[in-house]
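Me: Here is a structure to go through by question and answer. Please keep the terms clear as they come up.

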There are 2 protein chains.
Amino acid sequence: MAAESQTTQTYEALKSELLDGQFQPGSKLKIDQIRERCNASPGAVREALSRLTSDGLVVSLPQRGFIVAPISSEDLVDLTAVRIEIETNCLRSAIEHGDLAWEGRIQAAWHQLKHTPLLSEDGQTFNRDWTEAHGLFHDTLIDACTSKWWLKLREQMFIQAERYRRILVSLAKRRHRDVDSEHEGIVTATLARDANLACERLEAHLQRTMDHLLDAATPLFAHEEIHLPGPPKSLQFR
Amino acid sequence: MAAESQTTQTYEALKSELLDGQFQPGSKLKIDQIRERCNASPGAVREALSRLTSDGLVVSLPQRGFIVAPISSEDLVDLTAVRIEIETNCLRSAIEHGDLAWEGRIQAAWHQLKHTPLLSEDGQTFNRDWTEAHGLFHDTLIDACTSKWWLKLREQMFIQAERYRRILVSLAKRRHRDVDSEHEGIVTATLARDANLACERLEAHLQRTMDHLLDAATPLFAHEEIHLPGPPKSLQFR
DNA sequence: ATCTACGAAAAAATATATTTTTGGTAAAGA
DNA sequence: TCTTTACCAAAAATATATTTTTTCGTAGAT
């Protein structure tokens with residue numbers, strides 16, 4: 001009946017929701033709740049959660065079920081530093097090996113992104129199309145990279161960063177920032193095969209994105225309780 | 001009753017066996033077989049396999065179960081290049097941030113490794129203790145790295161590389177190679193806080209290990225069929 | 001003789017039921 | 001009043017059963 005197996009469907013659905021920040025980081029993911037939401041058997045849910053665990057979106061507490069992976073400003077800083085290294089590595093490889101078709105794909109993706117508005121028509125909510133075009137743009141930029149492993153690691157890091165972005169971006173102040181020209185600068189340098197310049201610009205882009213998220217969001221993290229297996233034991237009730 | 005959950009036990013057991021190369025890469029992992037071998041329910045096995053999937057040791061074929069992740073010389077080359085970048089990044093951070101206790105741990109781990117024979121007493125089989133000491137040595141070398149993400153990625157890559165090593169090392173020619181002095185050189189440079197030299201030596205060490213495995217093992221890969229999810233689609237029904 | 005269609009067996013995927021474990025509450029004792 | 005312990009409920013983990021899907025073998029037809 002289903003083109004995809006039930007487990008895969010549940011996995012994809014949950015992944016998408018987690019990426020969107022629709023669950024509170026650190027909160028519990030109850031099997032039964034998910035089971036009914038996704039019309040799946042508990043086994044399927046469990047399996048989906050296991051896979052998400054290794055994707056770093058979910059944490060498994062040995063005998064207590066699963067929780068949404070916590071977030072913190074320290075983690076975001078660390079993540080970004082590592083991500084910059086990896087993304088620039090991929091970009092260098094792509095610039096070295098990319099062919100004409102790749103150049104074409106970049107121009108297409110950039111054209112698409114440039115003409116997609118960041119906000120929806122109502123001017124309040126963020127535009128899903130932009131998110132997708134943005135992801136595709138960054139994917140395309142490095143898809144001529146010849147190393148499977150670099151690409152695999154890049155995707156992992158991208159997913160993490162994307163979660164932070166979607167959770168925090170609506171809270172961030174609408175400071176002036178010309179993201180389009182940042183993107184354009186990267187495209188120009190990349191198509192000119194100037195690896196150093198392109199990487200420098202990509203790094204600045206990622207760094208600025210993080211700064212933007214971080215300064216608006218830092219107060220938020222103060223409230224974020226990081227629930228880990230170990231110490232936190234509150235001992236009063238009533 | 002059990003200190004660890006059944007799923008975790010199965011996961012650990014399988015992971016250890018996979019790392020040891022006890023399964024033919026590309027071969028099928030039948031749920032029932034594993035179920036009886038590990039005294040676990042099919043659900044537990046399934047969950048363990050799911051987690052191994054994201055560790056890159058197992059591949060899931062949508063409606064056909066799980067297979068052992070394939071290997072190839074191209075993959076080993078790619079893997080090593082990426083691994084070198086990551087390991088040296090970790091080492092730089094460790095050298096910058098490591099304290100006295102870290103220096104002590106390195107000396108201890110190196111002392112332990114140095115005095116553990118590579119081969120068992122019979123001179124034929126490889127010594128499990130050496131493998132463990134070797135892993136601990138490399139772990140300790142970089143455990144003062146302050147970046148959680150670099151360490152996480154390093155571990156992923158280490159697991160992959162370790163699988164290749166264990167599968168191939170017994171096939172490799174016993175060429176002359178003084179691994180101990182390679183290790184010692186890394187230790188010396190690291191404790192002298194000479195990051196450039198230490199990284200250079202670490203890189204050479206990893207590269208030599210790969211060369212060693214590769215030249216003896218290349219003929220093997222000719223026989224390895226790389227089964228990927230893609231094409232095989234039979235299209236008849238009714 | 002080769003190819004195709006059908007059917008049976010095996011294995012995976014899913015659903016249901018049972019057992020364990022955990023967390024919270026209340027009651028009893030210090 | 002505070003601490004400890006026993007009990008209860010909720011949720012996770014596991015076991016068992018059922019359904020679906022795939023694969024393999026065989027027979028029949030071209």
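Reply: Copies are superposed by least squares on the C-alpha atoms of residues with pLDDT of at least 70 in both. This is a predicted model, in which local features need pLDDT of at least 70, side-chain atom pairs count only at pLDDT 80 or more, and totals for chains, interfaces and linings use all residues. Residues are numbered from 1 along each chain as its sequence is written, while chains are lettered from A and ligands numbered from 1 in the order in which they are written.

Me: By what turn can chain A be laid on chain B?
Reply: The superposition has an RMSD of 0.1 Å and a shift of 0.1 Å along the axis. That is the relation of a two-fold axis, and 100% of the contact residues of chain A recur in chain B. The turn is 180°.

Me: Which element gives the most to the side of chain A that touches chain B?
Reply: Contact here requires C-beta atoms, placed from the backbone, within 7 Å, and 23 residues of chain A meet 23 of chain B in this way. Two or more residues come from each of α3, α4 (73-97) and α7 (148-168) of chain A; helices (H or I, at least four residues) and strands (E, at least two) are DSSP runs, numbered from the N terminus. With seven residues, the element that gives the most is α3(A).

Me: Which strands of the chain A sheet stand at the edges?
Reply: Strands pair if DSSP finds at least two bridges between them. The open sheet has three strands in the order β1-β3-β2, with antiparallel pairing. Each edge strand has a single partner, so one side of it is left without a neighbour in the sheet; these are β1 (28-29) and β2 (58-61) of chain A.

Me: Over how many bridges do β2(A) and β3(A) pair?
Reply: Strand β3 of chain A covers residues 65-68. Val58(A) stands opposite Val68(A) in β3(A). The pairing is antiparallel, and the number of bridges is four.

Me: Which element supplies the largest share of the surface near DNA strand C?
Reply: A residue is near the strand if its C-beta atom, placed from the backbone, lies within 6 Å of it. 21 residues surround DNA strand C, and the closest include Gln6(A) and Ile31(B). At least two residues each come from α1 (6-19) and α3 (42-54) of chain A and from α2 (31-38) and α3 (42-54) of chain B. The largest share, three residues, comes from α3(A).

Note on methods:
Two residues are in contact if their C-beta atoms, placed from the backbone, lie within 7 Å.
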